Amino acid sequence: MINQCHCPICKAPASKGCSHLAVAAEGRDFVRRCVELAHAEIPWRVLCRQRKAGEWPHEPQDFTWLETAFCEEFLKPLSSYEGMEHEWRSGPKLSQGGFWVLLWSRSPQHLWWELREEIEGKSLRVPVRAEAAPWLIWLNPR
Ligand SMILES: [Zn+2]
């Protein structure tokens, strides 16, 4: 199965890597790459721990690895989010091919800033125990 995605903004083929391609990553790496690019590793860990602890019992667990769940919750609300697509990319051998996830934005840098704020906001929204208080100051210097 071969499919070639095109940029929803300038119509360039994804393989050309135009400036609107915020990230292209293999499906299993996608969420981690997004968190890295947003420099949001610390609030992300806080968020994941809070949810695993069952403080948000209605939340599905799979958002930590499933790109569609992550996209629904964290990317789609962002104003610079332009779209997410899957593209089949072949490796050196046929068996090494896999689905890559492409994320589009008019301004990828802005998208990462927004994503960081989104993750920080969500990680701070749940009541935090007293011993976690220094994190708040550290995470939110404003
Ligand atoms: Zn483009």
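Reader: Which residues of helix 3 are buried?
Author: This is a predicted model, where local features need pLDDT of at least 70, side-chain atom pairs count only at pLDDT 80 or more, and totals for chains, interfaces and linings use all residues. Residues are numbered from 1 along each chain as its sequence is written. Buried means 20 or more other C-beta atoms, placed from the backbone, within 10 Å of a residue's own; helices are DSSP runs (H or I, at least four residues) and strands are too (E, at least two), numbered from the N terminus. In helix 3, residues 67–75, that picks out Glu67, Phe70, Phe74 and Leu75.

Reader: Why do the buried residues of helix 3 line one face?
Author: Look down the axis of helix 3 and take the directions from there to the C-beta atoms. The buried residues line one face because they fall within an arc of 70°.

Reader: What order do the strands of the open sheet have?
Author: Strands pair if DSSP finds at least two bridges between them. The three strands pair antiparallel, in the order 1-3-2.

Reader: Which residue of strand 3 is the bridge partner of alanine 24?
Author: Strand 1 and strand 3 run antiparallel and are joined by five bridges. Alanine 24's bridge partner in strand 3 is leucine 102.

Conventions. Buried ≥ 20, exposed ≤ 12 C-beta atoms within 10 Å, placed from the backbone.
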